[in-house]
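Good morning, and thank you for coming.

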Amino acid sequence: MIKKIAASILSADFGRISEEVKAVETAGADWIHIDVMDGHFVPNITVGPRVVEAIRKATSLPLDVHLMIEKPQRYLEEFAAAGADWLTIHAEATLHIHRAIQKIRELGAKAGIALNPATPLGFVQNILSDLDMILVMTVNPGFGGQEFIRSMLPKVRECRKLIDQSRADVLLEVDGGVHPDTIGDLADAGADVFVSGSAIFHDHDSDYLKSIGQLKAACCF
Ligand code: DX5
Ligand code: ZN
């Protein structure tokens, strides 16, 4: 399995978002991760489909759209039309997870389910074959720059086992506190896709080639 770095634009300079996206693409990011927050599911508010559309024009990299919104089924069409390749919804955000992931696939996008730190893997174990990705949150969703919750490592390991035993074609993504000093343990635990925001964009004048290179080196690409 080829490991991937998904650069989270939450920590980028929003006034120059197209340039930021192009810069991380040039620096070796594999995916662009876009955090959509509604001020209800999480306390923070970020961007909607219009911004996804603008980012779509700036890059050819896959757009990995992480919906931290209540009742995400209301907005799936709009995000798919805006150019999202991956649409990940939270298991806690709708009573009808399975219906929502079917809808995502009907729209031609890849379907992911995100699990908050306290949400058990049991939420996804019966629907693995209908999924393209499981996102194990390694911080509580809502903000960049939070401390990695180390006690999530056993959950990542367990999730890896679940996917391997089922032989389903499902990627395992981790999001939150991914830094050069945590990414190695996450890679050992079996993650495939590593979302990283502040470790890449911490200083907007910084060298993204260097920050992405450090992440890649630390997880033995
Ligand atoms: C948090 C978001 C993350 C965030 C990660 O709710 O889902 O994608 O950008 O930020 P870092 O990498 O700074 O922990
Ligand atoms: Zn995210």
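Predicted model: local features only at pLDDT ≥ 70, side-chain atom pairs only at ≥ 80, totals over all residues.

Residues are numbered from 1 along each chain as its sequence is written, chains are lettered from A and ligands numbered from 1 in the order in which they are written, and side-chain values use heavy atoms, with hydrogens and water left out.

How are the rings of Phe201 and Tyr208 arranged? Rings of Phe, Tyr and Trp (its six-membered ring) pair if their centres lie within 6.5 Å; planes under 30 degrees apart count as stacked, over 60 as edge-to-face and the rest as tilted. The count by this rule is 2 aromatic pairs. In the pair of Phe201 and Tyr208, the ring centres are 5.2 Å apart and the planes stand at 70 degrees, so the pair is edge-to-face.

I turn now to the metal site. The zinc ion (ligand 2) is held by His33 through NE2, Asp35 through OD, His66 through ND1 and Asp175 through OD, at 2.0 to 2.3 Å. Donors here are N, O and S atoms within 2.8 Å of the metal (3.2 Å for Na, K and Ca); water is not among the atoms, so sites may look incomplete. Along the chain, the donors of this zinc ion have the spacing H-x1-D-x30-H-x108-D. Two of them link distant parts of the chain: His66 lies in strand β3 (residues 63-68) and Asp175 in strand β7 (residues 171-175), 109 residues apart. Helices (H or I, at least four residues) and strands (E, at least two) are DSSP runs, numbered from the N terminus. His66 is buried, at a relative accessible area of 0%, and Asp175 is buried at 9%.

Why is the arrangement around the zinc ion (ligand 2) called octahedral? Six donors count as octahedral if opposite donors are over 155 degrees apart and all others between 65 and 115. The 6 donor atoms subtend angles of 71 to 169 degrees, which makes the arrangement octahedral.

Another buried residue deserves a moment. Ile101 belongs to helix α4 (residues 97-106), and its relative accessibility is 0%. Leaving out residues up to four places away in sequence, Ile101 touches Ile89, Ala111, Ile113, Ile127, Asp130 and Leu131, where contact means heavy atoms within 4.5 Å.

Two loop residues complete the local picture. Most residues other than glycine have a negative phi. Lys71, in the loop between β3 and α3 (76-82), has a positive phi near 45 degrees and is partly exposed at 49% relative accessibility. Arg167, in the loop between α6 (153-166) and β7, has a positive phi of about 55 degrees and is exposed, with a relative accessible area of 75%.

Finally, the chain as a whole. The protein chain has 9 helices and 8 strands, and 56% of its 221 residues count as buried. Its C-alpha atoms fill a box of roughly 45 × 35 × 30 Å along the principal axes.

Technical notes: Tetrahedral: all angles 85-135°; square planar, octahedral: opposite > 155°, others 65-115°. Buried < 20%, exposed > 50% of the residue type's maximum accessible area, 1.4 Å probe, protein only.
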